[in-house]
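Biologist: Please show me the model, and then let me ask about its parts.

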Amino acid sequence: MNLLDLTDEALAAQVVVYRAFGLHHDTAKHCMSELLRRQQAGSVFDFEIYIEEQRKLLPQTESKTNVLESSLKLIASLK
């Protein structure tokens, strides 16, 4: 995955997946670094707010299957 090809939203979605499920730590770390780099370069995308808002949209349930399905739909919508 080339991070430079991803939108800000797609990068942030990777962080949401990590925070929700603990998956893909290294990918999330690289995505967060890229978001910070873009912010320092002048991007106005408020990724911190976006990540928190998207995380809140995930269902608060004991069923990891439902949460995983919602997260996959979020990521698919960003392509």
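Predicted model: local features only at pLDDT ≥ 70, side-chain atom pairs only at ≥ 80, totals over all residues.

Modeller: Residues are numbered from 1 along each chain as its sequence is written, and side-chain values use heavy atoms, with hydrogens and water left out.

Biologist: In what order do the elements of the protein run from the N terminus on?

Modeller: Helices (H or I, at least four residues) and strands (E, at least two) are DSSP runs, numbered from the N terminus. The protein has 4 helices and 0 strands. The order is α-α-α-α.

Biologist: What percentage of the residues in the protein is buried?

Modeller: Buried means under 20% relative accessible area, exposed over 50%, and partly exposed in between (1.4 Å probe, protein chains only). The protein has 79 residues, and the buried share of them is 33%.

Biologist: How far apart are the end C-alpha atoms of α1?

Modeller: The expected span of a helix is 1.5 Å times one less than its number of residues. For the 14 residues of α1 that should give 20 Å, and the model agrees: the end C-alpha atoms are apart by 20 Å.

Biologist: Which residue just after α1 takes a positive phi?

Modeller: Look just past the end of α1. The phi there is about 75°, and the residue is G22.

Biologist: How are α1 and α2 oriented to each other?

Modeller: Axes are lines fitted to C-alpha atoms, for helices over the stretch in contact, and angles run from 0 to 180 degrees between N-to-C directions. Helix α2 (residues 25-40) packs on α1 at about 140°, with the axes 8 Å apart. Angles under 35 degrees count as roughly parallel, over 145 as roughly antiparallel, 65 to 115 as roughly perpendicular and the rest as oblique. The two helices are therefore oblique.

Biologist: Which hand does the crossing of α1 and α3 have?

Modeller: Helix α3 covers residues 47-57. It packs with α1 at about 50°, the axes 9 Å apart. A crossing is left-handed if the near helix is turned anticlockwise from the far one by less than a right angle, and right-handed if clockwise. The crossing of α1 and α3 is right-handed.

Biologist: And which hand does the crossing of α1 and α2 have?

Modeller: Contact means heavy atoms within 4.5 Å. In that sense, residues including L11, V15 and Y18 in α1 meet residues including A28, C31 and L35 in α2. The crossing of these helices is left-handed.

Biologist: Is R38 buried or exposed?

Modeller: R38 lies in helix α2. Not counting residues up to four places away in sequence, R38 touches L3, L4, L6, T7, D8, L11 and S43. The C-alpha atoms of R38 and D8 are 8.6 Å apart, though 30 residues separate them along the chain. The relative accessibility of R38 is 14%, so R38 counts as buried.

Biologist: Which residues does Q54 touch, not counting residues up to four places away in sequence?

Modeller: Q54 sits in helix α3. At 13% relative accessibility, Q54 counts as buried. Q54 is among the α3 residues that meet α1. With those sequence neighbours set aside, Q54 touches V16 and L74.
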